[in-house]
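I am opening a notebook on a structure I have not seen before. I will look things up one at a time and write down what I find.

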Amino acid sequence: MIRLHLREIPTARFLMPTSATQPPIDRLPTDRRYQQGGWLFLGSLLVFFLSSILLYGFYAYSRRGDALSALPIPMTFLVSTVCLLGISFLVHIATRMIRRERRVLTAVLIGISAVLAIVFTGFQILSMYTMLSGPAVQQGNGKGLVGMVIVLAFLHALHVAGGIIALGLVSVRLVQGRYDHERHWPVDFAAQYWHFLDIVWLCMLLVFWTTTGGFA
């Protein structure tokens, strides 16, 4: 009896299911999958904005002979750019603060960023209204170029609106204590998204400046 029992021990060990001792290695952690999805989202937006800017550049080159196409664009575009740069700086600091478990300060930084984003949107609306009220639209000549500038600025503003909503959600969840030094990917992604919007707008502004009469 004893000899039979000893022989059954190794057999039972080999019959143990491997799934109970070894977790599946083909699954990524939840945060990792969300992070990859975020990068794919930003990549698709990059293709969209690059193609839009290229189309605008070709169209602006085709209308380089129009006198009113060379009219300056509003100076408020530069003011809004300062707000956007401030947002990128604040969200970058927020990613450092959450790693130090300073949730309240991180939430404050994200909240201030959301307020600056609203101010940025206000200046963008003012700039677009100024261009629509200008002579390039009223006299007809050059209307297509002005219209393209407004369309690109409006598309960027729509994505800014989405970023404002994201900042609000992240700020609320920070107050609720959902993020810490280990799980903070939403804060990081919000920062990456605003850095992306910052770079896109700077590229747009450079193209606007080189294809129009500058700023006034």
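My entries below go from the record to a helix pair and then to a pocket.

**Entry 1: the record.** I note that this is a predicted model. I looked up "transmembrane region" in UniProt, where an unreviewed entry lists residues 37-59, 71-92, 104-126, 146-172 and 193-211. I then checked two of these spans in the model. Residues 37-59 are 100% helix and 0% strand. Their end C-alpha atoms are 33 Å apart. Residues 146-172 are also 100% helix and 0% strand, with 39 Å between the end C-alpha atoms.

**Entry 2: a helix pair.** I turned to helix α3 (residues 76-98) and helix α4 (residues 103-132). At what angle do their axes cross? I find roughly 165 degrees, and the axes come within 8 Å. Angles over 145 degrees count as roughly antiparallel, so α3 is roughly antiparallel to α4. The crossing of α3 and α4 is left-handed. I also sorted the residues of this contact by class: 22 are nonpolar, 8 polar and 1 charged.

**Entry 3: the largest pocket.** I looked up its volume, which is about 290 Å³. How many residues line the largest pocket? I find 15, and Ala166, Leu169, Val170, Arg173 and Pro186 lie nearest its centre. Which helices each supply at least two residues of the lining? They are α6 (143-175) and α7 (185-211). By class, I get 10 nonpolar, 2 polar and 3 charged residues in the lining.

Methods
Residues are numbered from 1 along each chain as its sequence is written. This is a predicted model: local features need pLDDT of at least 70, side-chain atom pairs count only at pLDDT 80 or more; totals for chains, interfaces and linings use all residues. Side-chain values use heavy atoms; hydrogens and water are left out. Axes are lines fitted to C-alpha atoms, for helices over the stretch in contact, and angles run from 0 to 180 degrees between N-to-C directions. Helices (H or I, at least four residues) and strands (E, at least two) are DSSP runs, numbered from the N terminus. Angles under 35 degrees count as roughly parallel, over 145 as roughly antiparallel, 65 to 115 as roughly perpendicular and the rest as oblique. A crossing is left-handed if the near helix is turned anticlockwise from the far one by less than a right angle, and right-handed if clockwise. Ala, Val, Leu, Ile, Met, Phe, Trp, Tyr, Cys and Pro count as nonpolar, Asp, Glu, Lys and Arg as charged, and the others, Gly among them, as polar. On a 1 Å grid over the protein atoms alone, a cavity is a set of points where a 1.4 Å probe fits but cannot get out, and a pocket is an open set with protein on both sides within 12 Å along at least five of seven lines; lining residues have an atom within 4 Å of a point. Grid points are joined across faces, edges and corners, and a volume is the space filled by probe spheres set on the points. UniProt positions are given in the numbering used here, feature names are shortened, and annotations may be inferred rather than shown by experiment.
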